[in-house]
Amino acid sequence: MLVLKRKEGQWVEVTHRSGDVLRIRVCQIESGHPGHLNLAFDDDARHFEIERPERKHKAAEVTPAIPA
C-alpha cells in the first residue's frame with residue numbers, strides 16, 4: 001500500500017507498466033468528517049475499472065442464495 005499526503009486540489013498520477021496513466025485528484029475534504037475525502041479519477045479513455053470491495057460484500061449479504 002502506498003500512502004501519499006496531498007492537499008485539496010492536488011493531482012497524483014499513477015502509471016501502469018503498460019503506460020496507461022490514471023490521474024487522481026483530492027477534492028472536497030470535509031472538516032466535519034475526519035478521515036473523509038473525495039477522489040476524482042481522470043480516465044476518459046476508460047482504461048481502468050474501479051472496484052470497491054466493500055460494495056461486493058454488501059451485495060453478497062443482501063442477495064439471497066438460490067438453492068440448486
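## A walk through a β-β-β-α model

Of the contacts in the protein with a separation of 6 or more, residues 24 or more positions apart account for 12%; a contact means heavy atoms within 4.5 Å. The model is predicted, so local features need pLDDT of at least 70 and side-chain atom pairs count only at pLDDT 80 or more, while totals for chains, interfaces and linings use all residues. Residues are numbered from 1 along each chain as its sequence is written, and side-chain values use heavy atoms, leaving out hydrogens and water.

The protein has one helix and three strands. Along the sequence they follow the pattern β-β-β-α. These elements are DSSP runs numbered from the N terminus: helices are H or I with at least four residues, strands are E with at least two.

Next comes the surface. The protein exposes about 6,600 Å², and carbon and sulfur atoms supply 53% of that area. Accessible areas come from the Shrake-Rupley method with a 1.4 Å probe; for residues, only the protein chains shown count as cover. Of the 68 residues, 9% count as buried. Buried means under 20% relative accessible area, exposed means over 50%, and partly exposed lies in between (1.4 Å probe, protein chains only).

Strand S2 covers residues 21–27, and Val21 lies in it. Val21 has a relative accessible area of 35%, so this residue is partly exposed. Leaving aside residues up to four places away in sequence, Val21 touches Glu13, Val14, Thr15 and Phe48. The C-alpha atoms of Val21 and His47 are separated by 8.6 Å, although the two residues are 26 apart along the chain.

Glu13 also takes part in a salt bridge, with Arg23 as its partner; the closest N and O atoms are 3.4 Å apart. The pair links distant parts of the chain, since Arg23 is in strand S2 and Glu13 in strand S1 (residues 11–15), 10 residues apart. A salt bridge is a side-chain nitrogen of Lys or Arg within 4 Å of a carboxyl oxygen of Asp or Glu. By this rule the count is one. Side chains of opposite charge can pair when their charged atoms come close. Arg23 is partly exposed because its relative accessible area is 27%, whereas Glu13, at 54%, counts as exposed.

Ile29, Leu37, Leu39, Phe41 and Ile50 form a nonpolar surface patch with about 450 Å² of accessible area together. Patches are made of residues with over 30% relative accessible area and no salt bridge; like charges are joined within 9 Å, and nonpolar side chains (Val, Leu, Ile, Met, Phe, Trp, Tyr) within 5 Å. Ile29 lies in the loop between S2 and strand S3 (38–42). With a relative accessible area of 43%, Ile29 is partly exposed.
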